[in-house]
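Dear colleague,

Please find the structure below for your records. My notes on what was found in it follow directly after.

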Amino acid sequence: RQVPELIHRLEQDHWAAREDAAQALEALGAEVDGEALGCEDVARMAVPRIGRRMEESNWRVRRAAACALGQLCESEVWGRRPGAAARGAVPELARKLASEDLHVRRAAREPFTMLRTEGKLGDMGAVAAAAGPDLLQQLQDEDWMAREAAAKALAALGVCAAPAMAELARRLADDSDKVRTAAKATLESLAAEGVTSDPTAVCAPAVPALVEGLSSENWRVRCAAAWALGNFGAAEVAGGAALVEALTDGDRAMRELAVEALGNLGAAAVPALPEMGQRLGDNEECVRIAARTAVGKVHKAVSSRGRKVQESASVSRPLRKLQDSDATERVGGVQGLASLGLEALPIMPELVGVLLDEDPLVSEAAGKALVKLRELGALGSLGDSSAIDRPPPIHLGVKLSARLDDEGEPKWEVRLAAAEALAKLALRAARVVQPLARRLQMGHPSQADAARRLLSMLADEGAMLDLFGAASDAAPMLVERYASDDPLVSTLASEALRKLHAAGLLEDLEERLLLLAEFMEQAAQARLDDE
């Protein structure tokens, strides 16, 4: 009975009256253990009004309102199920973490951190998930301060921030240095928590925006865009969309080679798992065998990263059902996980493993669960080469090579970032292109013909087929920076050269390094002569 009156007092003209009302609501939440605000209607009425008081100019009212929201967050089942008020208050606090006002962010951070430390609500990211769409929209705001605040706040959502990772990747080429820094920090935080099995897949939709960043007038933006493309452009240079399209080709050799190629991409092929899973029931045995091997490679890749995010209590029960000997129970477990949406992301390796279940009904259920996660934006996308309104191919290798020219790109930092990106992407593309090239030369005539057709599809998709050309373009800049006095720069260049050489894409590395040594020796002698 006290709650409506206290909510009304939150609107009083004098700040002291509003502070008193917020403090009274805080005390009420603490005293009655949340039961007074357990009613959905009351919680829906109270939380938005308390949240508005956090925007107050008076710091006392802001702090009292934030503390009130924190105290009203009680659990129906400790560590498992948040109460009605918590389901409204935690997203409100998460939104305030993205406020443009530093003081509002500080006020929200205290109760949010306290609730996370206590653990009584379970996964705070899942409880705060309702704020995700608002934060994603704010990430695209015209005001750089709003974008920066949203990028930082998304780190608090954990697995529920997965749908925003592509937009965070786009912000790596933002005009604002602070937004770029915040986006990179949040992506690294989410990756460290194991939110996604491979950021390459989830962030792939950001590639077109990052390519535009290569043409920015700000050299720091160009440098950041090149770095990001090296990390998230694997699907683009491997022609991922064309490979997915080829999975439904009428030629069994095409389907076999396409699913093999996707398996060679490892965790980057996660968005294509539903389509790869369908090939497990292909009419042709050779395709079924290839699909099982390919899905197994992806499963191994996502499992090797380990689970860094603890699955929630709601995940535990359906997860146990996956181990049941009864196929009906396993189907029920998969369907239970699918109903959880993003909350099921931490057990991605288990879902991929179930895709290989011997019972077709269980495997089909796993495929549907993965489709649902993909629709939520949690798996990323390899694109759709059959879409009518699909933009023309990007030819990412060509775009990066253009930034290696001294005249076209005056900043060596950008040239180095482009060379590193080109080397990384050549190595990723090699996983797909080199096996197809071998089939073209030594395979059965039917497979050689399929390999030729598939390579042609990849070329139309803008895939990086000239691996030696890409490596040769990147090598001069990498060799030059290998001699840098900066240990970090030298190490990065050395590592890129070593990997290219190990993959057989840079056969003349020793010759290049000998020429570099001779040049450095001559330069040192010239300096001595001048002295």
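In this predicted model, the buried residues of helix 4 are Val-61, Arg-62, Ala-64, Ala-65, Ala-66, Cys-67, Ala-68, Leu-69 and Gly-70, where buried means under 20% relative accessible area, exposed over 50% and partly exposed in between, with a 1.4 Å probe and protein chains only. Helix 4 covers residues 59-71, 13 residues in number, and reaches 18 Å from its first C-alpha to its last, close to the 18 Å expected at 1.5 Å a residue. The expected span of a helix is 1.5 Å times one less than its number of residues. Helices (H or I, at least four residues) and strands (E, at least two) are DSSP runs, numbered from the N terminus.

Two conventions apply throughout. Residues are numbered from 1 along each chain as its sequence is written, and side-chain values use heavy atoms, with hydrogens and water left out. Because the model is predicted, local features need pLDDT of at least 70 and side-chain atom pairs count only at pLDDT 80 or more, while totals for chains, interfaces and linings use all residues.

The chain as a whole has 29 helices and two strands. Of its 531 residues, 51% count as buried. Among contacts (heavy atoms within 4.5 Å) with a separation of 6 or more, 69% join residues 24 or more positions apart. The average pLDDT, the predictor's confidence in each residue from 0 to 100, is 84, and 84% of the residues score at least 70. Over residues 30-39 the pLDDT is below 50, and this stretch has 16 contacts in the model beyond near neighbours in sequence.

Helix 23 (residues 360-375) has 16 residues and spans 22 Å from first C-alpha to last, close to the expected 22 Å. Its buried residues are Val-362, Ser-363, Ala-365, Ala-366, Gly-367, Ala-369, Leu-370 and Leu-373. They pack against helix 18 (273-278), helix 21 (327-339) and helix 22 (348-354).

Helix 14 (residues 219-232) and helix 25 (residues 412-442) pack at an angle of about 10°, with their axes 8 Å apart. Helix 14 is therefore roughly parallel to helix 25, a term that covers angles under 35 degrees, whereas over 145 is roughly antiparallel, 65 to 115 roughly perpendicular and the rest oblique. Axes are lines fitted to C-alpha atoms, for helices over the stretch in contact, and angles run from 0 to 180 degrees between N-to-C directions. Residues making this contact include Trp-219, Arg-222 and Trp-227 of helix 14 and Glu-413, Lys-424 and Leu-425 of helix 25.

Two residues of helix 11 deserve a note. Thr-186 lies in helix 11 (residues 177-192) and is buried, with a relative accessible area of 3%. Leaving aside neighbours within four places in sequence, Thr-186 is in contact with Ala-151, Lys-152, Leu-154, Ala-155 and Leu-168. Ala-182 is also found in helix 11 and counts as buried at 5% relative accessibility. With neighbours within four places again set aside, Ala-182 contacts Glu-148, Ala-151 and Lys-152.

Met-165, in helix 10 (residues 165-170), is buried with a relative accessible area of 0%. Not counting residues up to four places away in sequence, Met-165 touches Leu-187, Leu-190, Val-195, Thr-196, Val-202 and Cys-203. Met-165 and Gly-377 are 212 residues apart in sequence and 8.9 Å apart in space, C-alpha to C-alpha.

Yours sincerely
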